[in-house]
Amino acid sequence: MPRGRPSPPVVLSHEERAHLLSLANSRALPHGLVQRAQIVLACADGETNSAIAERMRLNKNTVGKWRKRYIEFGIEGLHDELRSGRPRSYEDEEVAEVINRALQTEPPNATHWSVRTMAEETGVSKSTVQRWFDLFGIQPHRQRHFKISNDPFFVEKVRDIVGLYLNPPDHAMVLCVDEKSQVQALDRTQPVLPMGLGYVEGITHDDIRHGTTTLFAALDIASGEVISQCKKRHRHQEFLAFLRHIDANVPDDLDIHLIVDNYATHKHAKVKAWLAKRPRYHIHYTPTYASWLNQVERWFGIITQKAIRRGSFSSVKELVKKIEHFVDRYNEHATPFVWTATAESILAKVKRICSLISGTSH
């Protein structure tokens, strides 16, 4: 039975929760502020200070402090208190002017602001502008790519696939299936200069191409193990052959749920006929432009980083051998990826992006 006085409850309005979620999911804001927003959200969900502290690996008094600060002061209470020191050189209005100019305008002779151009424009020192940019997480020189799905069944597909991740069906195996096509067997034109004290590994800027292979992979979300094959081409014939390979390597008494993207090969008539003859197979398509929902894409990133990108291969056969060796070693110590995003959190994020680029929430 819990001891001591119960913690005061945190009650959030819809707007407060939305604001806290934007803080808690931010990758640009200071870690301390992000963590405090996560603490308040957990408090609002009814978690105790002890449970939050144990889950987030914090001191229970720290959790209690930010619970109390939010109840007393709201969002403002999550920011650090003012400390003693030299008086401020700039007022809030001057800081806001620089930040708003960086966010909402462009310089007359460039596509984006830099610290120096902003300093010249406003008369504020470069070091001060840099400090303000760092404080508010503003990076005008950087861009991130995105693509919003135009799939009319985007919501349904997201809920379907995320449901498989968070609550997989009983007596079934969920496999994330895809192909990494055009994997090149590249050989450097000169030997690699080995890494040494004070300098990094050196490679030539050009290479010799010895051909390509296509890596087919199926990731078991429960164990993290991968079933893979390398093939010369990337057609429905090769995909059918890989499906037969999967069928030969999975238990006969389980239903098989396949998560695949919308590549035409996956929807070929012969592929559909093969699946129709095997009722235990269930196929789930990711929304268009949403291959990030397929966990095997993360595994492709791992094998690219660790075994392919920096490799030097004199033939396709050598490349395939390297891939097969990596898969064998990976499966010896495989662990599943931990999927934490709910369908609602994904849809809420997409909604925020749509509102930013169109001015509406639709």
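Among contacts in the protein chain between residues at least 6 apart in sequence, what percentage join residues at least 24 apart? The answer is 66%. Keep that in mind while browsing the views below, which all come from a predicted model.

**Figure 1. The whole chain, as a starting point.** Welcome to the overview: the protein chain has 13 helices and five strands. Its radius of gyration is 26 Å, well over the 21 Å that the globule rule gives for 362 residues, so the chain is more spread out than a compact globule. Along the principal axes, the C-alpha atoms fill a box of roughly 70 × 60 × 45 Å. Of the 362 residues, 36% are buried. The chain exposes about 23,500 Å², and carbon and sulfur atoms supply 52% of that area.

**Figure 2. A hairpin made by strand 2 and strand 3.** Here strand 2 (residues 207-220) and strand 3 (residues 226-231) run antiparallel, joined by six bridges. To find your way across the pair, look for Leu-215, which stands opposite Cys-230 in strand 3. Five residues lie between the two strands of this hairpin. In the turn sits Gly-224, with a positive phi of about 85°.

Figure 3. Val-250 lies in the loop between helix 9 (236-248) and strand 4 (255-260). Leaving aside residues up to four places away in sequence, Val-250 touches Met-173, Leu-175, Ile-227, Ile-256, Arg-280 and Tyr-281. Met-173 is 77 residues from Val-250 in sequence, yet their C-alpha atoms are 8.4 Å apart in space.

Figure 4. Ala-290 is buried, with 0% relative accessibility, whereas Tyr-289 counts as partly exposed at 46%. Tyr-289 also has a positive phi of about 60° although it is not a glycine. Most residues other than glycine have a negative phi. From Ala-290, you can look across to Phe-154: the two are 136 residues apart in sequence and 9.0 Å apart in space, C-alpha to C-alpha.

**Figure 5. Arg-57 in a loop between two helices.** This view shows the loop between helix 3 (49-56) and helix 4 (60-73), which holds Arg-57. Arg-57 has a positive phi of about 60°, although it is not a glycine. How exposed is Arg-57? Its relative accessible area is 76%, so Arg-57 counts as exposed.

**Figure 6. A nonpolar patch on the surface.** Our last stop is a surface patch of about 380 Å², made by Phe-146, Leu-356 and Ile-357. Leu-356 is found in helix 13, which covers residues 343-358. With 73% relative accessibility, Leu-356 counts as exposed, because exposed means over 50%.

Terms used:
Residues are numbered from 1 along each chain as its sequence is written. This is a predicted model: local features need pLDDT of at least 70, side-chain atom pairs count only at pLDDT 80 or more; totals for chains, interfaces and linings use all residues. Side-chain values use heavy atoms; hydrogens and water are left out. Patches are made of residues with over 30% relative accessible area and no salt bridge: like charges are joined within 9 Å, nonpolar side chains (Val, Leu, Ile, Met, Phe, Trp, Tyr) within 5 Å. Accessible areas come from the Shrake-Rupley method with a 1.4 Å probe; for residues, only the protein chains shown count as cover. A salt bridge is a side-chain nitrogen of Lys or Arg within 4 Å of a carboxyl oxygen of Asp or Glu. Helices (H or I, at least four residues) and strands (E, at least two) are DSSP runs, numbered from the N terminus. Buried means under 20% relative accessible area, exposed over 50%, partly exposed in between (1.4 Å probe, protein chains only). The radius of gyration is taken over C-alpha atoms; the globule rule is 2.2 Å times the number of residues to the power 0.38. Contact means heavy atoms within 4.5 Å. Two strands pair if DSSP finds at least two bridges between them.
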